[in-house]
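The tour runs from the whole chain to single residues.

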Amino acid sequence: MRDSVMKKLFVIIMLPLVFLAAAVQAEIRLDGFMQGLYGGRLDENNPTATEMTASETRLQLRAEHLGENAEFFARLDFVHDMSDTARYDWELREGFLKFRLGKAFDFKIGRQILTWGTGDLIFINDVFAKDYRSFFAGRDDQYLKAPQDALRMAVYPGFGELSLVWTPRFEPNRLPTGRNLSYYNPFLGKIVGEGYYFDPPPPEAKFENGEFAAQFSRQMGNFNTALYFYKGFYKNPMGAEMTPDGPMPVYPHLNVYGASLRGSTLGGILWLEGGYFDSRDDQCGDKPLMPNSQVFGLFGFERQVATNLTANIQWQADVITNYDKYEAGQIAMGAYVRDEWRHLLTTRMTKLLNSELVKLSGFLFYSPTDEDAYARASVEYKYTDEVTITLGGNFFEGKHPATDFGQFQYNDNVYLKVTYGF
């Protein structure tokens, strides 16, 4: 055990030195930041293992080299976490090579952050992995997107742009485990802390289990339009299989077909997006341990409503197919039954003050059908060109512990974050 810890410490100490030496040798542009993040929960009923939602020191190093025909980029994080016991960790968040063949093909290969779609913190056709542990704890917004190893190819045929993404190994969402943030365990029927989390095994490492995504986009007047396709798996363990030990969570097969539109109109930005989630393991809706297929729709609009004040609103609706079968199956299992139609409303407000050195930000999710809500608020002060201080909080409310935000109702927290950029 001690040898394992010492080896990990050696790697964490040596990697930044190797990173720096390589950057100097190859004349790579290098920057990054040092950050302290400290947060605590507000609800004494939270069954988490620690009262600290975050207590970490983070060093991020970024390196970039632009050649005549290719580009290299790397982003490396080192973390010392003291939420309960001392833990050291590191992660290569990005490390890719980008190059062009002729005038019609771009390639990006390696560890990368993938994103598309139009929603503001609402994801329909963006089915790439997310990190909700970071999101709910107050880490920078960049950490909401989890990295994955992938090959991305962009094709420019002259009448639009086609992007193709292949991820050889499935990358799931990163969800609360009960250590810092509690969550709802459907097999126990209650909100739990550490000790109950079961990390489902990912789909077997086979070529056929790789993730494939495609996007075709085209500019039409003031609007960018896009079509989407995804073949892979649900990013959360939405399904279960019966075993001799009882039901075990799994990642069901999933196809997604969608479209979006985004552009300027009425003095602001308008976006529309829709998608069909085809649950390939339960296309008839008669398997209560598997998710039913769903149809999603999204409307959003943003504009500046006053000097240095920007606001947006979004409305998302989704409907379950074969709802009668879904309802009967959930009732038979004694599980929570959601409405056939689910509505989600959001709004974001951003205000800049004091020559834009102070930023006030608030974001609210509210579902009138699920009767739950989630609010994010922060005050950011740019103390110097290098130092930024942020005070923020995450607040959850819900009538039912099985809903998206209701399951996190004990995780209200506040945090302080100080960042030094270089």
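## Whole chain

Start with the surface. The accessible surface of the chain comes to about 21400 Å², and 59% of that area belongs to carbon and sulfur atoms. Areas come from the Shrake-Rupley method with a 1.4 Å probe; for residues, only the protein chains shown count as cover.

Some ground rules. This is a predicted model, with local features needing pLDDT of at least 70, side-chain atom pairs counting only at pLDDT 80 or more, and totals for chains, interfaces and linings using all residues. Residues are numbered from 1 along each chain as its sequence is written, and side-chain values use heavy atoms, with hydrogens and water left out.

Now show the C-alpha trace. Along its principal axes it spans about 65 × 55 × 55 Å. The radius of gyration is 22 Å, which agrees with the value near 22 Å for a compact globule of 422 residues. That radius is taken over C-alpha atoms, and the globule rule is 2.2 Å times the number of residues to the power 0.38.

Switch to cartoon. The chain has three helices and 22 strands. These are DSSP runs numbered from the N terminus: helices are H or I with at least four residues, strands are E with at least two.

Colour by burial. Buried residues make up 47% of the 422 residues. Buried means under 20% relative accessible area, exposed over 50%, partly exposed in between (1.4 Å probe, protein chains only).

Colour by charge. There are 42 positive and 53 negative side chains, and the centres of the two sets lie 4 Å apart. Lys and Arg count as positive, Asp and Glu as negative; His and the chain ends are not counted. Each charge is placed at NZ of Lys, CZ of Arg, CG of Asp or CD of Glu.

Contact means heavy atoms within 4.5 Å. Among contacts between residues at least 6 apart in sequence, 56% join residues at least 24 apart.

## The core

Select Phe-136, Val-165, Phe-277, Phe-365 and Tyr-374. They have the most contacts inside the largest nonpolar core, which holds 33 residues. Such a core is a set of buried Ala, Val, Leu, Ile, Met, Phe, Trp, Tyr and Cys residues joined through side-chain atoms within 4.5 Å. Elements supplying at least two residues each include helix H2 (132–137), strand S14 (253–265) and strand S19 (358–367). Strand S11 gives the largest share, three residues.

Zoom in on Phe-365. Beyond four places in sequence, its contacts include Leu-121, Leu-344, Asp-372, Tyr-374 and Phe-405.

## Two asparagines

Go to Asn-308, in the loop between S16 and strand S17 (309–320). Its phi is positive, about 60°, although it is not a glycine. Asn-308 counts as partly exposed, at 30% relative accessibility.

Next, Asn-354, in the loop between strand S18 (341–353) and S19. Here phi is positive at about 50°, again in a residue that is not a glycine. Asn-354 is partly exposed, with a relative accessible area of 49%.

Select Thr-388 in strand S21 (residues 387–398). It is buried, at 16% relative accessibility. Outside four places in sequence, Thr-388 is in contact with Glu-380, Tyr-381, Lys-382, Lys-417, Val-418 and Thr-419.

Finish at Gly-193, in the loop between strand S9 (190–192) and strand S10 (211–220). Buried or exposed? Gly-193 is buried, with a relative accessible area of 3%. Pro-47 is 146 residues from Gly-193 in sequence, yet 4.7 Å away in space, C-alpha to C-alpha. Not counting residues up to four places away in sequence, Gly-193 touches Pro-47, Thr-48, Thr-177, Gly-178 and Tyr-183.
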